[in-house]
Amino acid sequence: GKMSNNLIVGYTTNDESREPKGTFFPMIDVLKDGVGYMSFGFEPFTPANQLRYNTFQVQDNFSIYTANHDLTLGVTAQRYRSENVFFPGSQSVYVYNSLADFYADAQGYLTNPARTTSPVSLRRFQVRYNNIPGQVEPLQPLDVLNAGAYLQDEWRATNRLKVTMGLRVDVARFKETGFENPAANALSFRDETGSSIKYRTEELPDPTPLFSPRLGLNWDVFGDRSTQVRGGTGIFTGSPPYVWISNQIGQNGILTGFEQINNTTTRPFNPNPDRYKPTTVTGAPAATYELNFTEKAYKFPQVWRTNVAVDHKLPRGFVGTAEFMYARDVNGAYYINANLPAAQTAFNGADTRPRWTSGRINSNITAAYVLKNQDVGYSYSLSASLEKAFDNGFFFKTGYNFGVARNTIDPGSIAGGSWTNNAHAGDPNNPGVGFSFSSPGHRSFLATSYRRDYFGIGATTISLFADRQTQGNTSYTFSGDLNGDGGFSNDLVYVSRNTGEMNFEQFTSSGKTFTVADQAAAWDAFIGQDSYLSKRRGQYAERGAVFLPQVMRVDMSISQDIAIRRIAGQRNSLQLRFDIQNVGNLLNREWGNGQRLVTNTPLIARPTGADGKALYRLRNIGTNLISKTFEQSAGFFDVFRFQLGLRYNFNN
């Protein structure tokens with residue numbers, strides 16, 4: 001046998017400029033008086049959201065080669081250090097129920113800058129501030145050692161069967177860089193089961209070994225490579241998303257303070273971003289703040305994945321492939337807000353979802369988001385393809401894939417946004433399984449190319465690639481916070497059986513009054529023309545279940561190789577290439593265009609009436625109520641583009 005050893009050492013870092021930059025920006029949900037809400041504020045580009053990090057990595061592989069086995073043993077270690085600066089809302093954020101309310105509040109400031117009361121009720125006010133004296137940036141220090149070891153055996157069992165077996169174990173150990181907040185540690189919260197629970201702000205996850213066994217095979221069924229069966233099963237551990245842990249180090253009431261007030265007149269608009277921040281801080285726990293926790297037993301994401309595929313040589317030189325893949329979460333991630341009490345009541349009428357009239361257990365805690373594990377997410381996909389290379393330089397390949405991915409949440413880098421943006425129709429701490437926003441849907445493609453030397457100077461290649469695929473998915477939700485849990489535009493709509501189950505509020509916009517009857521008739525018609533909603537009457541919409549129509553686009557490429565005299569005995573060449581992306585749109589402006597939803601928030605939540613029923617308005621566009629689901633998109637990929645390239649090829 002033979003042996004070999006491969007040692008790899010690496011270091012990576014980033015160090016972006018800390019120069020503060022910012023802008024005054026509008027975030028407008030609805031531009032019509034009396035409809036929806038509007039928010040705006042000053043928001044800095046940096047250092048509000050900035051991550052500075054460095055990593056030192058060592059990997060050593062030792063391999064032994066024998067007649068039937070290729071054994072690999074390896075170890076790896078990574079030291080990761082980062083300083084995350086996350087400071088959203090530090091310039092004050094104001095949320096209004098209408099554009100008219102904003103005008104009234106802004107005019108009130110011009111009339112009396114020293115006022116202490118707004119003439120209108122703000123839907124929400126937020127501000128975040130440094131809580132440690134002399135602190136310029138609220139740095140979130142993270143220091144972790146992630147070590148792993150693995151063993152793999154490639155076993156050539158027979159001339160036709162190769163089996164790959166392996167086991168990997170990884171473990172992450174966090175340095176104690178969290179901030180202790182005794183006041184928060186003494187508080188009681190509520191978990192997703194309804195049980196009382198306490199957390200500690202300084203406690204990061206315990207070092208827990210993650211085991212990843214796996215098995216793969218490749219079987220030449222008849223020994224002539226005419227039929228290949230390949231597949232495998234195993235548990236796979238991805239790269240740790242360390243930013244999820246750094247959220248806890250940043251949101252603890254010591255590093256920063258955070259104020260959030262709903263339905264208030266005590267925070268009138270003021271262009272000074274520091275107007276409502278404390279004039280002095282001591283480093284003691286802030287008066288109000290947001291908390292982020294990580295469950296002590298939290299494990300980084302792992303997935304169990306199994307696939308099986310068959311490649312088969314068909315008559316006349318065709319090759320066909322069929323593949324099935326299934327994956328399930330072993331350690332999926334999700335969040336709860338442990339400061340959310342049990343719902344105090346529920347709506348009356350057809351829509352009976354729970355309702356919160358008081359959204360906090362501890363009044364000085366705006367929210368307490370806890371990162372936890374679940375194992376209910378899953379995905380699967382089916383694929384098939386057919387290809388052939390012809391003797392005359394022509395090649396083609398065609399294929400189809402259908403995939404589904406479902407989970408409880410699509411976590412982002414921010415704990416609060418992951419929870420508040422997760423659409424649901426009941427308990428936000430138990431949202432249930434819905435479609436992931438990475439659920440692929442349908443895709444089919446056709447690739448062809450023709451290569452021939454026409455001019456004696458090099459090959460000319462003409463190729464086409466046609467792709468038809470689902471453009472994405474979304475959810476139908478209310479605009480605003482219908483159920484009072486603190487999340488905006490995350491309450492899935494109830495799809496009425498008929499107009500008798502609806503509860504609209506009359507309103508006037510753009511000089512036109514929309515009556516209750518007008519809105520009920522328009523919403524009923526909208527449901528009828530929508531392929532998804534029309535099948536969900538009497539039920540809540542599902543998260544991520546609204547799939548956009550498939551779009552087909554064709555790209556064309558023409559390349560010309562130009563041979564160049566031999567240099568040092570090697571033949572070199574130039575290649576000129578001309579690409580037309582979305583060439584169908586060049587031929588007909590109606591081709592290659594995608595579609596988008598006119599709105600995914602067709603209903604606008606209003607304060608609940610005395611009858612206890614959910615009250616809402618139907619979205620309007622000018623003087624018209626919405627009437628159709630889709631409209632043509634007008635983005636970069638909806639038009640044709642030209643691209644010209646030049647490449648020099650060495651030794652080809």
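Trainee: What links Arg-79, Arg-81 and Asp-143?

Mentor: These residues are joined in a network of salt bridges. This is a predicted model, in which local features need pLDDT of at least 70 and side-chain atom pairs count only at pLDDT 80 or more, while totals for chains, interfaces and linings use all residues. Residues are numbered from 1 along each chain as its sequence is written, and side-chain values use heavy atoms, with hydrogens and water left out.

Trainee: Why is the contact between Asp-143 and Arg-79 called a salt bridge?

Mentor: The term requires a side-chain nitrogen of Lys or Arg within 4 Å of a carboxyl oxygen of Asp or Glu. For Asp-143 and Arg-79 the N to O distance is 2.7 Å, so the pair qualifies. The whole structure holds 28 salt bridges.

Trainee: Which strands hold Asp-143 and Arg-79?

Mentor: Asp-143 lies in strand E8 (residues 139-156) and Arg-79 in strand E5 (residues 69-86), so the bridge ties together parts 64 residues apart in sequence. Strands (E, at least two residues) and helices (H or I, at least four) are DSSP runs, numbered from the N terminus.

Trainee: How do you know whether Asp-143 is buried or exposed?

Mentor: Buried means under 20% relative accessible area, exposed over 50%, and partly exposed in between, with a 1.4 Å probe and protein chains only. Asp-143 has 9%, so this residue counts as buried. Arg-79, at 32%, is partly exposed.

Trainee: What makes the contact of Glu-192 with Lys-372 a salt bridge?

Mentor: Its N to O distance is 3.7 Å, so this pair also meets the distance limit. Glu-192 lies in the loop between strand E10 (189-190) and strand E11 (196-197), and Lys-372 in strand E21 (residues 365-374), so the bridge ties together parts 180 residues apart in sequence. Glu-192 counts as buried at 18%, and Lys-372 is buried at 5%.

Trainee: Which residue meets Glu-295 in a salt bridge?

Mentor: Lys-372 does, at 2.8 Å from N to O. Glu-295 sits in the loop between strand E15 (289-294) and strand E16 (302-313), so its bridge to strand E21 ties together parts 77 residues apart in sequence. At 26% relative accessibility, Glu-295 counts as partly exposed.

Trainee: What covers the buried residues of H5?

Mentor: The buried residues of H5 are Gln-519, Ala-520, Ala-522, Trp-523, Phe-526 and Ile-527. Their cover includes strand E29 (494-495), strand E30 (507-509) and strand E37 (603-606).

Trainee: What makes a set of residues a nonpolar core?

Mentor: The members are buried Ala, Val, Leu, Ile, Met, Phe, Trp, Tyr and Cys residues joined through side-chain atoms within 4.5 Å. The largest such core has 38 residues, of which Phe-174, Phe-189, Ile-245, Leu-291 and Phe-300 touch the most other members. Elements that each supply at least two residues of this core include E8, E15 and helix H3 (242-250). E21 gives the most, with 6 residues. A second, separate core of 31 residues includes Val-493, Ala-541, Leu-597 and Leu-603.

Trainee: Which residues make the nonpolar surface patch of about 880 Å²?

Mentor: Ile-462, Ile-558, Phe-578, Leu-586, Leu-587, Trp-591, Phe-640, Phe-642 and Leu-644 make that patch. Patch residues have over 30% relative accessible area and no salt bridge; like charges are joined within 9 Å, and nonpolar side chains (Val, Leu, Ile, Met, Phe, Trp, Tyr) within 5 Å. Areas come from the Shrake-Rupley method with a 1.4 Å probe, and for residues only the protein chains shown count as cover. Leu-587, in helix H6, has 64% relative accessibility and so counts as exposed. Helix H6 (583-587) and strand E42 (641-649) each supply at least two residues of the patch.

Trainee: How many helices and strands does the protein chain have?

Mentor: The chain has 6 helices and 42 strands. Of its 652 residues, 45% count as buried.

Notes: Contact means heavy atoms within 4.5 Å.
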